[in-house]
There are 2 protein chains.
Amino acid sequence: MVKRVSIVENILSANDQLAANNRKKLDASNIFSLNFMASPGAGKTSLIERIVKSLADRYKIAVVDGDIATNLDADRAASAGAVAVQINTGGECHLDAVMLQGALKQIPLNEIDLLIVENVGNLICPSSFKLGTHKSILIASTPEGDDKPYKYPGMYQGVDALVVNKIDLLPYITFDMAYFTRGVEILNPNLITFPISCRTGEGINCLLNWLIDNLET
Amino acid sequence: MVKRVSIVENILSANDQLAANNRKKLDASNIFSLNFMASPGAGKTSLIERIVKSLADRYKIAVVDGDIATNLDADRAASAGAVAVQINTGGECHLDAVMLQGALKQIPLNEIDLLIVENVGNLICPSSFKLGTHKSILIASTPEGDDKPYKYPGMYQGVDALVVNKIDLLPYITFDMAYFTRGVEILNPNLITFPISCRTGEGINCLLNWLIDNLET
């Protein structure tokens, strides 16, 4: 008899268990939590800065930043007013539940209302690893092009909300919003979508209201 | 005695051997070959279209497109005038030497002068897997932000040339070229760099001249 060890499945199953533990910890402290995923440079950090600056007088916010290298993102989140923890993954292309577990130990959970996890900039790998957060948000960026839902279906299928950032650049690029939206609809029908510009602030209020709704329920 | 099997190292070593085989095959047919890597939406496909359209009357070009899903990119390369092969990786976040080996079997190598491989849109994983191509080119995109060399050092360290695309958007975004260049210099001193706009055509000629130089030597 040949024994086949399915290494990838075992890793994912272990990750799921740790993700469930993270969720329990977050729920015990009554924290609403988000996993922000996107390509490199889609605007995750800028959006987190906007959210923290807008909500910091009302809610206590923690940010966990995942990057291959540097503390640049956590520094920006901290400057904006959040409790910030940087995870440097070395070469790893995604965060996983173990990494978040470690980060949560560095946060005074009982003082926090909202946890935002900024995943590694990558439109593929992070979608396979649950962290235990309540909602996953994908940030698309208009200069990336309108074909991304078709080409990265796994990421678009697995998320609870979609932010379309850099709409201020639409006059200067080729981006067919109807084609983009059709792709999203096929993969994730009725996905709540927020077209925004982090640069100008356009559309940010709708996203903030959605966040506040989730924080208050 | 405990035996430890280093799976990742074994996979990479097997990949290196197959990459060397691919290189031999390419050299035997006197083909100059490039591996294009970038974030999703940085402009790999648009740049390949430009190159194929500009050089197709002078050289016979093959394009191998790696994507999670769809034939969109290979269709564009074929329309531009290349022999195009699409690899759909399923969920895989990068191309590897086995995938290129399979694609090369579908190309009439003795008729080809230039092979362009378009890797999966990902600023992390593709840098770990050699394909056997002669040169690796990274395409950065200005709306991704000026901090990318600092945050994705592995990719910037391993390439032979850098294209900075979408310079036509510089007036509308925040991008400190000196800060970006400083990051590149630390990781990959004297890296040959081509600032371009695929949209307007600015800077494309310098890149084409570099390609022709490599094709003629």
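Tutor: The largest cavity has a volume of about 60 Å³, in what is a predicted model. The structure holds 1 cavity of 30 Å³ or more. Of the 13 residues that line the largest cavity, those closest to its centre are Ser141(A), Pro143(A), Glu144(A), Ser141(B) and Glu144(B). Sorted by class, the lining consists of 5 nonpolar, 4 polar and 4 charged residues.

The residues closest to the centre come from both chains, and the relation between the chains is therefore the next point to consider, since the copies meet through the same surface. Specifically, 100% of the interface residues of chain B are also interface residues in chain A. Chain B can be laid on chain A by a turn of 180 degrees with a shift of 0.0 Å along the axis, and the RMSD is then 0.0 Å. The two copies are thus related as by a two-fold rotation axis.

Chain A contains an open sheet of 7 strands with parallel pairing, in the order E3-E2-E4-E1-E5-E6-E7. At its edges are strand E3 (83-88) and strand E7 (192-195) of chain A, each of which pairs on one side only. From one strand to the next, the twist averages 20 degrees. Within this sheet, strand E1 (residues 32-38) of chain A pairs with strand E4 (residues 114-118) of chain A in the parallel sense, over 5 bridges; Phe32(A) stands opposite Leu114(A) in E4(A). Helix H8 (residues 204-216) of chain A packs on the sheet, where it touches E1, E4, strand E5 (135-141), strand E6 (161-165) and E7 of chain A. The direction of H8 makes about 145 degrees with that of E1(A). Strand E5 of chain A spans 135-141, and Ser141(A) is among the residues closest to the cavity centre. Another helix, H3 (residues 72-80) of chain A, lies across strand E2 (61-67), E3 and E4 of chain A and runs at about 175 degrees to E3(A).

Strand E1 (residues 32-38) of chain B runs parallel to strand E4 (residues 114-118) of chain B, joined by 5 bridges, and Ser33(B) has Leu115(B) as its bridge partner in E4(B).

Conventions
Residues are numbered from 1 along each chain as its sequence is written. Chains are lettered from A and ligands numbered from 1 in the order in which they are written. This is a predicted model: local features need pLDDT of at least 70, side-chain atom pairs count only at pLDDT 80 or more; totals for chains, interfaces and linings use all residues. Side-chain values use heavy atoms; hydrogens and water are left out. Two strands pair if DSSP finds at least two bridges between them. Helices (H or I, at least four residues) and strands (E, at least two) are DSSP runs, numbered from the N terminus. Copies are superposed by least squares on the C-alpha atoms of residues with pLDDT of at least 70 in both. Contact means heavy atoms within 4.5 Å. On a 1 Å grid over the protein atoms alone, a cavity is a set of points where a 1.4 Å probe fits but cannot get out, and a pocket is an open set with protein on both sides within 12 Å along at least five of seven lines; lining residues have an atom within 4 Å of a point. Grid points are joined across faces, edges and corners, and a volume is the space filled by probe spheres set on the points. Ala, Val, Leu, Ile, Met, Phe, Trp, Tyr, Cys and Pro count as nonpolar, Asp, Glu, Lys and Arg as charged, and the others, Gly among them, as polar. Axes are lines fitted to C-alpha atoms, for helices over the stretch in contact, and angles run from 0 to 180 degrees between N-to-C directions.
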